[in-house]
Amino acid sequence: VSAQAGPMREGSVTVQVRPLSWEGSAIVYAGGREIGIRVRTRISRSGDVISESWPIDQGEDAVRRMIIDDSGGWMERGGKREPMPEAMLRHERQQFGFYNQLQPAIVFARMIGSGETTIGGDVSTSFRIKDGVPIEAHNQVSAPEPGGKPIDQTFLLSDYKTEVGFSWPRRIEIHHDGKPYFSLSIDKFEAGAVP
C-alpha cells in the first residue's frame, strides 16, 4: 500500500486520502524537560504540510511555522523564513507522512477488527489493530541531523472520535528509541472531503 495522494489499496479496498487539520496541546520531551506547546497543523492530500507551534507560556506571538511542499521545506520564526536543512526535511516528510498512512490503516482496521497491517510510503509503518482501530504503530525514520542514526518510532493511538463517518485518534503519543518524545491531545479536528 502506498500512502500517497489519490486512491490507495489495502487488499481489495480503495482508500481516498483526505486533507486533515487539527489544533491541540502537546508536550515535547527534550533533554529531561517537558515543554508544553500549542499546535495547529494542516496536511494536504498530497502531503504538503503547514504546522504551527508555540510555547503555551509565551502565547501565539512566539509562533514557529514549518512549511513543507513538493519544492522543499522552510522554517519561519519572528518574520524570518529560512530553508530547512536537507536531513531535517527528509525526517519531517517521513514524520508527517505517518498521518496519511494512518487513514488507510483505520479503514482496514474496521474490516478486520484485530490484527496487523503494514502501510507503505516514504517509510513503511506497521500497525497493530484491536477492537476495530489501530492502537499502536511502528516505523523507522531518518535522523533530523546529517549523519545521525535512524530513529525507531512507536506511536500509541487512543481516544478515537468519529464525525461524519471519519474516525481519528484524539490522543497520539510518539516514542523515539523507547523514550517519550511527543504527546499530542487534539481538541479541534477536521477532515476534508474525498476528491
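**Exercise 1.** Leaving aside its neighbours within four places in sequence, which residues is Tyr-99 in contact with?

*Solution.* The model is a predicted one. Contact requires heavy atoms within 4.5 Å. Once neighbours within four places in sequence are set aside, the partners of Tyr-99 are Leu-20, Trp-22, Ile-43, Trp-168, Ile-172 and Ile-174.

**Exercise 2.** Describe the largest nonpolar core and state which element gives the most to this core.

*Solution.* Step one: the largest nonpolar core has 34 residues, and those with the most contacts inside it are Trp-22, Phe-98, Tyr-99, Leu-102, Trp-168, Ile-172 and Leu-184. Step two: at least two core residues come from each of β3 (20-30), β4 (33-43), β6 (64-69), α1 (86-112), β11 (133-141), β12, β13 and β14. Step three: the element that gives the most is α1, with eight residues. As background, nonpolar side chains tend to be buried together in soluble globular proteins.

**Exercise 3.** Locate Val-164 and Asp-177, and classify each as buried, partly exposed or exposed.

*Solution.* Begin with the backbone. Most residues other than glycine have a negative phi. Phi of Val-164 is positive, near 40 degrees, and phi of Asp-177 is also positive, near 50 degrees.

Next, the location. Val-164 lies in the loop between β12 (151-163) and β13 (166-176). Asp-177 lies in the loop between β13 and β14 (179-191).

Last, the accessibility. A residue over 50% relative accessible area is exposed, and one under 20% is buried. Val-164 has 82% relative accessibility and therefore counts as exposed. Asp-177 has a relative accessible area of 39%, so this residue is partly exposed.

Definitions and conventions
Residues are numbered from 1 along each chain as its sequence is written. This is a predicted model: local features need pLDDT of at least 70, side-chain atom pairs count only at pLDDT 80 or more; totals for chains, interfaces and linings use all residues. Side-chain values use heavy atoms; hydrogens and water are left out. Helices (H or I, at least four residues) and strands (E, at least two) are DSSP runs, numbered from the N terminus. Buried means under 20% relative accessible area, exposed over 50%, partly exposed in between (1.4 Å probe, protein chains only). A nonpolar core is a set of buried Ala, Val, Leu, Ile, Met, Phe, Trp, Tyr and Cys residues joined through side-chain atoms within 4.5 Å.
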